[in-house]
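Please keep the structure in view while reading.

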Amino acid sequence: MKVLVCAPYTILTNYNDGVEEYEFFGPKNIKKIEETFDEVVWNYKKGKEFTKEHLKELVKGCDAAISGWGSIMYDKEVLDCAPNLKMIAHTAGTVASVVNEETYDKGIKVIGANDREFSESVAEGALAMALTRYKNIDGWLRHQADEKVPYEDLPPKSIFGCTFGIVSYGAVASHLARLLQPFGCKIMVYSKYSVSDEEMKKYNMQRASLEEVFKECDIISLHTAWNKHTENMISEDLIKSMKDGALLINTARGKIVYQTALEEELAKGRIQAALDVLWKEPPPPENPLWDMPNVFITDHRGGPTPDRYKYIASNIIDDVYNFLKDGTVPTNEIKKERALSMSLH
């Protein structure tokens, strides 16, 4: 079994300044993968220098490829050089930048960390943002640092028993619904794709239109992929329909929200937001959101924390080995329709 680890070696082994416990491939996982497979091909090119030509050369004869941040699209040119390729395993979130229809047409299985470590961590982040902003913890901290910053323009509230809206129900939303159970929230769900009655009943959720979610919910959490169909999906009318004091959480992608309308409504102080993603990242210093006491901003860190990276890589190694050994398809398989609807990056 021959496996290519195609994300740049420097990213995989030095992503967190060489702290071994915080790397995808620290010494333990390097030893594990090299002992698990007959041959491991590493990408020693720096990310900016790695080209399609390099990938075409490295992938020759490989049975599987492990991709991640900095990886290149497996288009027809690449796949024509990889007749033995049976699986692409992605250690990051969206696979839209790595695979396309041609990958699936070749019968290659695609798996990823999205439905396990990534989605669970994003759900954890969304809950943390709900607690931080709705209880005005961030406002208190800013007020302590600068007494000129108002603290109680929007009084702290508890999420216990609130009406919590989920927009787009996938792996992240499912984990979030589970995490919300101890709080006794009324959970309203809008999703373009069907959610089973069993899932709805399991977490005591009710179906709703997008308009109903925005009009009725105290907290709204967005989990929609960004693509040409969803850009600016959260429109000016939806934003204006939010209840006074309602909180909008975005750990998905900035471009699904009509940001100008959001900035204008937030400037009135009527609603509040907790934003892990924005149209432009990082937001420029002149962005008005920085100075709004009703806005909490983080720098696209909703995914797994570095202490989880080693588990992602270890699980992916196991998934690839089991598939190549006896054809076992892991539960984190990403089907074609879903892959093509994922965020562009």
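## Cysteines

A disulfide here is a pair of cysteine sulfur atoms within 2.5 Å. By that rule, this predicted model has zero disulfides.

Cysteine 81 is in no disulfide either. For cysteine 81, the nearest cysteine sulfur is that of cysteine 62, at 11 Å.

## Aromatic pairs

Two numbers describe a pair of aromatic rings: the distance of the centres and the angle of the planes. How many aromatic pairs does the structure hold? There are four.

One of them joins phenylalanine 24 and tyrosine 309. The pair is stacked, with 4.4 Å from centre to centre and 5° between the planes. Phenylalanine 24 sits in the loop between α1 (9-14) and α2 (27-36), while tyrosine 309 belongs to helix α13 (residues 309-326). The pair therefore ties together parts that are 285 residues apart in sequence. Both phenylalanine 24 and tyrosine 309 are buried.

Phenylalanine 37 and tyrosine 321 form another pair. Their ring centres are 6.2 Å apart. The pair is edge-to-face because the planes stand at 70°, and the cut-off for that class is over 60 degrees. Phenylalanine 37 is in the loop between α2 and β2 (39-42), and tyrosine 321 is in helix α13, so this pair ties together parts 284 residues apart in sequence.

Are the two partners buried or partly exposed? Phenylalanine 37, at 4% relative accessibility, counts as buried. Tyrosine 321, at 26%, counts as partly exposed.

Helix α6 spans residues 114-134. Of its 21 residues, 15 are buried, so α6 is largely enclosed by the rest of the structure. Asparagine 136 follows α6 and has a positive phi, near 60°.

The axes of α6 and helix α8 (residues 171-180) come within 8 Å. They cross at roughly 50°, which makes α6 oblique to α8. The crossing of α6 and α8 is right-handed.

Which residues make the contact? From α6, they are Asp115, Arg116, Ser119, Glu120, Val122, Ala123, Glu124, Ala126 and Leu127. From α8, they are Ala171, Val172, His175, Leu176, Arg178, Leu179 and Leu180. In an α-helix, residues three or four places apart point the same way, because there are 3.6 residues a turn.

Note on methods:
Residues are numbered from 1 along each chain as its sequence is written. This is a predicted model: local features need pLDDT of at least 70, side-chain atom pairs count only at pLDDT 80 or more; totals for chains, interfaces and linings use all residues. Side-chain values use heavy atoms; hydrogens and water are left out. Rings of Phe, Tyr and Trp (its six-membered ring) pair if their centres lie within 6.5 Å; planes under 30 degrees apart count as stacked, over 60 as edge-to-face and the rest as tilted. Helices (H or I, at least four residues) and strands (E, at least two) are DSSP runs, numbered from the N terminus. Buried means under 20% relative accessible area, exposed over 50%, partly exposed in between (1.4 Å probe, protein chains only). Axes are lines fitted to C-alpha atoms, for helices over the stretch in contact, and angles run from 0 to 180 degrees between N-to-C directions. Angles under 35 degrees count as roughly parallel, over 145 as roughly antiparallel, 65 to 115 as roughly perpendicular and the rest as oblique. A crossing is left-handed if the near helix is turned anticlockwise from the far one by less than a right angle, and right-handed if clockwise. Contact means heavy atoms within 4.5 Å.
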